[in-house]
Amino acid sequence: MNDLTTSIVNGVTRVSILLLSALFLGWALYPDYRPEESGLILGIVGGLFNVRFLSIKVRQLVDLAVSQERRRFSFGFVTRLCIAFLIVMMAAKLEQVSLGATIIGLFIPQLLMIPVSIIVSLRMKN
């Protein structure tokens with residue numbers, strides 16, 4: 001399972017970085033759409049941080065289950081919520097950043113996990 005989650009998160013990171021590079025290129029070439037592109041950039045970076053953080057927490061949960069210790073465990077929901085809240089507040093404070101695009105960007109890495117996980121599982125099956 002560790003290999004599967006690591007390869008899914010790495011695949012999401014690669015696709016997100018590719019999307020970020022396209023957005024940076026669009027930001028440089030199309031100045032009319034800079035608020036939307038910078039909002040998407042900010043949101044994708046925050047969403048990618050949340051995906052990586054959740055992956056770390058899931059790995060910690062697996063290690064805890066294998067060791068069979070009796071300990072309380074948290075997935076860090078409040079931490080991820082606060083990170084998303086900070087990103088949204090930053091977008092609301094800055095005039096050059098679109099708030100709607102930032103909120104959409106926060107969900108893009110999580111939505112990318114679906115096709116990436118399908119592709120990774122098909123590759124591992126073959």
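Q: What does the secondary structure of the chain come to?
A: This is a predicted model, and the chain has four helices and zero strands. Read along the sequence, that gives the pattern α-α-α-α.

Q: How do you know that H4 has about the reach expected of a helix?
A: H4 covers residues 99–125, which is 27 residues. From first C-alpha to last, H4 reaches 41 Å, close to the 39 Å expected at 1.5 Å a residue.

Q: What makes Ile108 stand out in H4?
A: A kink of about 30° lies there, shortly before the proline Pro109. The bend is the angle between axes fitted to the seven residues ending at a residue and the seven starting there, so the 30° at Ile108 compares the H4 axis on either side of that spot.

Q: What makes Ser98 a cap for H4?
A: A side-chain oxygen of Ser98 lies 3.4 Å from the backbone nitrogen of Ala101, at the N-terminal end of H4.

Q: Where does UniProt place the feature "transmembrane region"?
A: The unreviewed entry places it at residues 12–30, 36–54, 75–92 and 98–122. In the model, residues 36–54 are 100% helix, and residues 98–122 are 96% helix.

Methods:
Residues numbered from 1 in each chain as written. Predicted model: local features only at pLDDT ≥ 70, side-chain atom pairs only at ≥ 80, totals over all residues. Heavy atoms only, no water. Helix = DSSP H or I, 4+ residues; strand = E, 2+ residues; numbered from the N terminus. Expected span 1.5 Å × (residues − 1). Polar contact = N/O pair within 3.5 Å; in protein donor to acceptor, adjacent residues only side chain to side chain. UniProt positions renumbered as here; feature names shortened; annotations may be inferred.
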